[in-house]
Amino acid sequence: MSSPPIPVEPGDPPPGRGRVPAGGSRPGDEAGPVGGSGPMSGSGQAGGSGPAGGSGNAGGSGASARGRPRSEAADRAILRAATDLLAERGLAGMSMEEVAARAGVGKATVYRRWRSRGALALDAFMAEFQALQPLPDTGTLRGDLLAALRAWVRAVTRTPAGRILAGLIAAAQEDPELAAAWRARVLEPMRGQHRIMLRRAIERGEIPASTDTDVALDLMYGAAYHRLLQGHRPLTDTFTRRVVEVIVAGLGGPPP
């Protein structure tokens, strides 16, 4: 899916001249990354805080190139192009050059914001996935866990997020910088959000105060990730309900 033309930024060529064709390059782009960061970032550390509080991309600088204004339209177009390519081809089939071509910007514009393909893919994933993971508040632990796990399953089975998620996890095994960014910007913020559900249940007296919330979350999402990545059984609503029932019973919650 092509994105509409993007206003020219300082340093980019005029429309129709010097744009990057798919798989091509333009003079001056060969220098590679300038240490840019993604639009969601608030710091340049891979180990910064997660999407709820903002963080930098893997190895990003936290600021655009010196003195150059950022274009939100360009950010959106780049993320949209990256998301489309990830959905079509996966991370291995996405290149920075083709993202630039689809977004209608120069390759240097992409590299000023994201210094690696993995960092761009991570931001593109979060732009889509985070909005699909609201924090439930049903009044019961069982209801909260069920709503949260159902939202996760819907996202990975009914949108491109499942394929992108699997690709990012695979790439992170070979890329320590991407792995650190994944933990800091995706895994820990989401676990922090879901711990709120368990703390509420403790305050309501549904489960003991001694509950190991990390183990509870590992049991719930570990089972879901296992099915997503192994593909040996489907991620059905029956599976979701049974996982939640086992966890609530194991934590000492009330029977259904």
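The axes of H6 and H8 come within 10 Å of each other and cross at roughly 90°. That angle makes H6 roughly perpendicular to H8, because values from 65 to 115 degrees count as roughly perpendicular. From H6, the contact draws on Gly162, Leu165, Ala166 and Ile169. From H8, Tyr225, Leu228 and Leu229 take part. By class, six residues of this contact are nonpolar, one is polar and none is charged.

Now step back to the whole chain. This is a predicted model. The protein chain has nine helices and zero strands. Read from the N terminus, its elements run α-α-α-α-α-α-α-α-α. The chain has 256 residues, and 49% of them count as buried. Consider next the contacts between residues at least 6 apart in sequence. Of these, 69% join residues at least 24 apart.

Return to H6 and H8, this time by way of the largest pocket. Which helices supply at least two residues each of its lining? They are H6 (161–172), H7 (176–204) and H8 (213–230). H7 gives the largest share, with four residues. Seven of its lining residues are nonpolar, one is polar and one is charged.

Start with threonine 213, which sits in helix H8. Is threonine 213 buried or exposed? Its relative accessibility is 16%, so threonine 213 counts as buried. The cut-off for buried is under 20%. Beyond its neighbours within four places in sequence, threonine 213 is in contact with Arg195 and Leu198. Both of these partners fall within the span of H7, 176–204.

Arginine 163 lies in helix H6. Its relative accessible area is 43%, so arginine 163 is partly exposed. Which residues does arginine 163 touch, not counting those up to four places away in sequence? They are Leu86, Ala87, Glu88, Arg89 and Gly90. Take Arg89 from that list. Arginine 163 and arginine 89 are 74 residues apart in sequence. In space, their C-alpha atoms are 9.3 Å apart.

Valine 244 is placed in helix H9, which covers residues 237–250. Its relative accessible area is 1%, so valine 244 is buried. Leaving aside neighbours within four places in sequence, valine 244 is in contact with Arg142, Leu145, Leu146 and Leu149. How far apart are valine 244 and arginine 142, in sequence and in space? They are 102 residues apart in sequence and 6.7 Å apart from C-alpha to C-alpha.

Key
Residues numbered from 1 in each chain as written. Predicted model: local features only at pLDDT ≥ 70, side-chain atom pairs only at ≥ 80, totals over all residues. Heavy atoms only, no water. Nonpolar A, V, L, I, M, F, W, Y, C, P; charged D, E, K, R; others polar. Axes fitted to C-alpha atoms, helices over the stretch in contact; angles between N-to-C directions. Parallel < 35°, antiparallel > 145°, perpendicular 65-115°, else oblique. Contact = heavy atoms within 4.5 Å. Buried < 20%, exposed > 50% of the residue type's maximum accessible area, 1.4 Å probe, protein only.
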